[in-house]
Amino acid sequence: IGSSLTFASCLLCFTGKPIFSVDIHPDGTKFATGGQGEDSGKVMIWNMAPVLREEDEKNENIPKMLCQMDNHLACVNCVRWSNNGLYLASGGDDKLVMVWRRAAFIGPSTVFGSSSKLANVEQWRCVTILRNHTGDVMDVAWSPHDMWLASCSVDNTIVIWNARKFPEMVTSLRGHTGLVKGLTWDPVGKYIASQADDHSLKVWRTVDWQMEANITKPFSECGGTTHVLRLSWSPDGQYLVSAHAMNNSGPTAQIVERDGWKTNMDFVGHRKAVTVVKFNPKIFKKKQKNGSSPKPSCPYCCCAVGSKDRSLSVWLTSLKRPLVVIHDLFDKSIMDISWTLTGLGMLVCSMDGTVAYLDFSLDELGDPLSEEEKNSIHQNIYGKSLAITSTEAQLSTTIIENPEMLKYQQERQNSAQANSGPGSAGPESSAPKLNSVMNGESLEDIRKNLLKKQVETRTADGRRRITPLCIDRSPSCLQGFLPGAVQQRSNLAFGLLHHRQGPGGQQGRVCSLLLTSASKIEPMKALDSRFTERSKATPGVIAAISSTAGLTPLDRPKDPIIPPKDTKTKEDTSSDSEDKMAVINKNLTFGKRKPDLLMDGGEVVEKKKKGRPRKDKMATTITQPFTQTIRVAAPPAPVAVLKLPTPSTQKAFSLQVSMEPSVFLEVENEVSLVAGSKLSQLRCSRDGRDWDTLLPSSVVTAAGSSDILAVACEDRMLSVFSSCGRRLLPAIQLGTPVSALHCSAHFVMALTAGATLSVWDVHKQKALVKNESLLTILTGADTTVSQSLLTQQGVPVIGLSNGKSYCFSSSLETWTLIADKGDSLVQCADFRSCLSTHDAPVSSGPLAVMQGRNLNAGRLASRLSSTPHHLQQSMTLAFLENQLASALTLQSATEYRYWLLIYARFLVNEGSEYRLRELCKELLGPVHKSAATAWEPTALGLRKRELLREVLPVIGENLRFQRLFTEYQDQLELLRNK
Amino acid sequence: MAKVQVLNVAVLDNPSPFGNPFQFEITFECMEDLPEDLEWKIIYVGSAESEEYDQVLDSVLVGPVPAGRHMFVFQADAPNTGLIPESDAVGVTVVLITCTYRGQEFIRIGYYVNNEYTDPELRENPPLKPDYTQLQRNILASNPRVTRFHINWEGLADKMEDSENVDPSPNISSMLPPSCIPGKMPSLGLIPDNSMDCM
């Protein structure tokens, strides 16, 4: 069968400098290379079209190079696109990892000061530099879904970065004792594997970042080193294939089975060490031949292996021998391989500075499974589907039917672009936003008055100090004022200038002047050195610099003129040189070199076992004991009937009951004896005005709000006064001494030592909660009340020492659980992606107070990402619904609104149409008035339809719901017009 | 990698009488918050013959510089004519904008400057003693020469690594004005002094 194989191979000669890494963009339209530049590392982004089609190659209008970045100080060892294609990560010998993002709104432009006529067609800008490694970075890898970015280094460590929050570091994996030279993520996201010079391959868990397996046997014989050890995980997750391993003193690529990390098989045949292994992203099944009876065949994977012996082999896991071996494609070792997402094309790069493109046909590889089929394989094996991403991708091609929807989609893209973390992918073709405004002022206006407006001060030593005008807060945010835009403006200014100068133009005139007088050439040559020589002295004061060091004009050769040819050989290393680019482009020849097809030498030692579905252990560590620090109240009083502690009577005390207006209470017990009875004095100062009153018994505790004051006395009497000192209620006799007393607005809450709760509405002179027992919630011997509060709406809330918080719902006449600090849902719910940037988190509401800091929105959740998605989804959903219900029963309107929006956003993100529809229906209510309807137009004083108006834009962010969006948008419009 | 990238320099008030202040509108981007100020300088090269005649027209501190994109206008008084050799007053010279961080220069932007009389009479017969009031300064704004230096952004100047080795060689090609096609350039002697007429 070997001889019948047909595939095309193109060779791209780039620079002659080593290319260490190549990676094809997920959309297949471009690819990145990383390697050595002139005096720096070089990352380049290339157009894929000229590689794929000869006519595009010849078409001069189609750019070949899209962008080049010289920012790395030393050789770039690895370039990798994020899975969503928005970011490019590069790692190099300068110990840095840089993350690049395309500046969407600018067209071709050159680097400032660059003489290059060849503009960068695309603008890729470094948005983050990740610094932690102390040695060369050898490999970088994005986790599935771009949650993390991993980098490994010759400093023996692997660093995991939080890709949603660069440059945050998640952890550093230590354990290798040699240079770590390769990384690969498990496609399921449960593991990451690394291979190092220490003769080991290690597998690490993503749950706790601990080592899962340490595989050393196949590497014990390995002698010598390779520059890289790029290992790879199969797309079905079942096999991990190492780089450089040895078997019977022959170099191999070791196959490691996920099941038990067994090492029974390997790819044999290369004559020198294997440097890179790369699995085809597709899973294949045998192509049905015409005429042959369709029989089900096992899906298989395809894997490319590159070696120091300059040859490349491609294997199918269903075949014993390699599908193809290509010798002598390169002059030096193969450094990296990248497959197209279609699985039919492959780029291979070599140390010799060339990149080859190989094209396969379906006949050779088989039929690739669709994403759905691939997902169902994942679902079968791991109980987890990776479908979310693929459906999102499909949705991006959905046509937007509703103009309102389009608006929200665009807003969403804009905000997504404003966020620095990898978020949702948005098309980059949004309308250019050149005339950006700041505070209603255009950049033009700002520039006109910049000199007048900018803040200039003098430092202590009399120096001028200018505070620059910040035109864009974050360098990663590429909206608004972009260098390209600025440059365009200045070009415009020049255009005007030319006009004013009349024919000939400013530029030309000055230029010619520069070259006119022969006498000036000498000085000009001398002047030239000034451009590049660093100042010898940098005094801070205005003074003439006098320095005799360095090149003086007299030292320089006295050529009358520099021959233009010479300029070709000289290169300005600091800025982009047009000459160099021209050379590169000339060299971008696509010599169709006929590769030698050799089918010898390759042999699979053991046939791949039939892939049998295996249920992975579902996440077992979802719930963890949660250590809580809660102020434990004093132990309960020894008296059996007194469940709750009581405050002791003090001789005198004072407290501030309200800040605005400022109200102070002062209590002095047993001030005077009148006819043998002891009187206590209560003094109150409100905004400087005082009143006082006398009570027949010692005051034990007092509380107040801006409206009312309440005091409880030793005789178990509760008295309530207005802010002016007028008694509002007759003295209330409590059954047992008071344990805690609260006032809020016009409500009074008394918690007694007998574990009963009462709440009164002083205005209405009514009881809201009538002597309710806490025994229902005080379960467990040691449980006691650690916290109690009364909301502005008169809802009593009790926090217990067991971490649970309850409120008594007067409408339901029962205790309701509103928060549980040990609740696993709280820890596992992950709704961070649903947090809106516009709404500040509610931190002062009763719900937030009771839940406290434990509500670290899915802190743990991110670590449990290997929790099956549906499980996490359900937990989050349950948690959010709990929050909503709690906010509702607490009558906390702001918190209700806050959680409602998060809930809606979550439903939108997760695509729960059924719930979303019910939510909308509830918020909209009946459109047509009917006599008997139970629907309340408001919830906690919030108009439900207003809430719906807030929810709709959120729904509009997901194209999938455009029908739903339109439906409710129309009905709202209808209602408004009524 | 340099933490500060100069994105654009616009030359304002150009051309202008010799005595007018220099004005450069500088746009730069900073990767991360800088704990220290940037120091910008404008240096006027009085004579090509010697650095002795260089004048630092002004130096300003620019800060604070948080991460992001910023712009400011750097204005500096015209050079002190008393310090310019009379023979170099008219003709081509250079103005430099440099920026240093923690005492280390990381970028140098150079422009050719042409000083000439606007009056044809004076141009034909320039006075022996330059009349600065009649001179016009013209900065070749379209052709900045930018040289970037690697510096140590984190630490002090003395920790700088081999900065001398990374100094780029001058890109002489960019000195050629864009309008002149190298191959067709006539030898210099043939170009008349007053080239404005011939263009």
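1. What percentage of the 199 residues in chain B is made up of buried residues? The figure is 62%. The model under discussion is a predicted one, and the remarks below should be read accordingly.

2. Chain B contains three helices and ten strands. Their order along the sequence is β-β-β-β-β-β-β-β-α-β-β-α-α. Of the contacts in chain B with a separation of 6 or more, 65% join residues 24 or more positions apart.

3. Chain B also holds an aromatic cluster. Its members are Phe18(B), Phe22(B), Phe24(B), Tyr44(B), Tyr111(B) and Tyr132(B), linked by ring pairs.

4. Over all chains, the structure has 28 aromatic pairs. One of them is formed by Trp339(A) and Phe360(A), whose ring centres are 5.8 Å apart and whose planes stand at 35°, a tilted arrangement. This pair connects distant parts of the chain, 21 residues apart. Trp339(A) belongs to strand E26 (residues 334–339) of chain A, whereas Phe360(A) sits in the loop between strand E28 (354–359) and helix H3 (362–365) of chain A. Both Trp339(A) and Phe360(A) are buried.

5. The axes of helix H19 (residues 944–956) of chain A and helix H20 (residues 962–977) of chain A come within 10 Å and cross at roughly 150°. Because angles over 145 degrees count as roughly antiparallel, H19(A) and H20(A) are placed in that class. The crossing of H19(A) and H20(A) is left-handed.

6. Which residues of H19(A) meet H20(A)? On the H19(A) side they are Arg945(A), Leu948(A), Arg949(A), Leu952(A), Pro953(A), Ile955(A) and Gly956(A). Their counterparts in H20(A) are Leu964(A), Phe965(A), Tyr968(A), Gln969(A), Leu972(A), Leu975(A) and Arg976(A). By class, this contact of H19(A) with H20(A) comprises nine nonpolar, two polar and three charged residues.

7. Is Ser744(A) buried or exposed? Ser744(A) has 4% relative accessibility and therefore counts as buried, the limit for that class being under 20%. Ser744(A) is part of strand E46 (residues 738–744) of chain A. With neighbours within four places in sequence left aside, Ser744(A) is in contact with Ser705(A), Leu790(A), Thr791(A) and Gln792(A).

Conventions. Residues are numbered from 1 along each chain as its sequence is written. Chains are lettered from A and ligands numbered from 1 in the order in which they are written. This is a predicted model: local features need pLDDT of at least 70, side-chain atom pairs count only at pLDDT 80 or more; totals for chains, interfaces and linings use all residues. Side-chain values use heavy atoms; hydrogens and water are left out. Axes are lines fitted to C-alpha atoms, for helices over the stretch in contact, and angles run from 0 to 180 degrees between N-to-C directions. Helices (H or I, at least four residues) and strands (E, at least two) are DSSP runs, numbered from the N terminus. Angles under 35 degrees count as roughly parallel, over 145 as roughly antiparallel, 65 to 115 as roughly perpendicular and the rest as oblique. A crossing is left-handed if the near helix is turned anticlockwise from the far one by less than a right angle, and right-handed if clockwise. Contact means heavy atoms within 4.5 Å. Ala, Val, Leu, Ile, Met, Phe, Trp, Tyr, Cys and Pro count as nonpolar, Asp, Glu, Lys and Arg as charged, and the others, Gly among them, as polar. Rings of Phe, Tyr and Trp (its six-membered ring) pair if their centres lie within 6.5 Å; planes under 30 degrees apart count as stacked, over 60 as edge-to-face and the rest as tilted. Buried means under 20% relative accessible area, exposed over 50%, partly exposed in between (1.4 Å probe, protein chains only).
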